[in-house]
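Visitor: Hi! Could you walk me through this one?
Guide: Happy to. Here it is.

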Amino acid sequence: MDLIPSFSVDHTKIIPGIFTSRVDVLEDQMVTTYDVRVTKPNTEPAVDVAAMHSLEHIIATYLRNDDEWKDQIIYWGPMGCLTGFYLIMKGNRAPKEIHNLLLGAFRSVESYDEVPGATAENCGNYRMHNLEMAKWHARRFADYLAENESNPKIFEYPKTERLMTDDGRSFFDS
């Protein structure tokens, strides 16, 4: 069985950044899934669940209200490992092309006094939010994105190297 694309990334080498996870064509529409990695996996602490939930609400609100990009946004949600988010957009842009969009999204978190949609009517777990920690993580990641804008490593996925058999199949060591 083939590894899914997100499991073929070498998580010992990935750093925070914006990466193309996969590109699909759905009903004649190209759709790109981006890996927006906020912390270094297995090295830095993951984002705590309540802060991740708050970041999901705030940044989803920002993305779906951005005049330039809102019609391109399909999905924004957290990774199960709590080290980042997936952004799914119409089209296929290089990660560097959405750098400013995400920088603006993470910078916007600072301006919130309450988490949008954090009510019993709007959220399935409205008590599980931590706005102050969300602000801390957002500020940290936004500063990192700004400082590393010209670093190509924050836009290039490190792939796991796999040996190829003579007949072109991937070799997986047990």
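Visitor: How much accessible surface does the protein have, and what share belongs to carbon and sulfur atoms?
Guide: The accessible surface is about 10000 Å², and carbon and sulfur atoms hold 50% of that. Areas here come from the Shrake-Rupley method with a 1.4 Å probe, and for residues only the protein chains shown count as cover. This is a predicted model, where local features need pLDDT of at least 70 and side-chain atom pairs count only at pLDDT 80 or more, while totals for chains, interfaces and linings use all residues. Residues are numbered from 1 along each chain as its sequence is written, and side-chain values use heavy atoms, with hydrogens and water left out.

Visitor: Thanks. What percentage of the residues count as buried?
Guide: Of the 174 residues, 41% do. Buried means under 20% relative accessible area, exposed over 50%, and partly exposed in between, with a 1.4 Å probe and protein chains only.

Visitor: And how many helices and strands are there?
Guide: There are three helices and six strands, and along the sequence they follow the pattern β-β-α-β-β-α-α-β-β. Helices (H or I, at least four residues) and strands (E, at least two) are DSSP runs, numbered from the N terminus.

Visitor: Nice. In which order do the four strands of the open sheet come?
Guide: The order is 1-2-4-3, with antiparallel pairing. Strand 1 and strand 3 are the edge strands, each pairing on one side only. Two strands pair if DSSP finds at least two bridges between them.

Visitor: How many bridges join strand 1 to strand 2?
Guide: Nine. As an example from that region, Arg22 stands opposite Thr33 in strand 2. Strand 2 is then joined to strand 4 by seven bridges, and Val36 has Phe85 in strand 4 as its bridge partner.

Visitor: What about strand 3 with strand 4, how many bridges there?
Guide: Five bridges, with the two strands running antiparallel. Ile73 stands opposite Met89 in strand 4. The two strands form a hairpin with five residues between them, and Leu82 in the turn has a positive phi of about 65°.

Visitor: New topic: helices. At what angle do helix 1 and helix 3 pack?
Guide: Helix 1 (residues 49–63) and helix 3 (residues 131–147) pack at about 75°, and their axes are 8 Å apart. That makes helix 1 roughly perpendicular to helix 3, a label for angles of 65 to 115 degrees. Axes are lines fitted to C-alpha atoms, for helices over the stretch in contact, and angles run from 0 to 180 degrees between N-to-C directions.

Visitor: Which residues meet there?
Guide: From helix 1, Ala51, Ser54, Leu55 and Ile58 meet Leu131, Met133, Ala134, His137 and Ala138 of helix 3. Contact means heavy atoms within 4.5 Å.

Visitor: And helix 2, how many of its residues are buried?
Guide: Seven of its ten residues are buried, so helix 2 (residues 99–108) is mostly covered. Among the buried ones are His99, Leu102 and Phe106.

Visitor: What covers those buried residues of helix 2?
Guide: The cover includes strand 1, strand 2, helix 1, strand 3, strand 4 and helix 3.

Note on methods: Angles under 35 degrees count as roughly parallel, over 145 as roughly antiparallel, 65 to 115 as roughly perpendicular and the rest as oblique.
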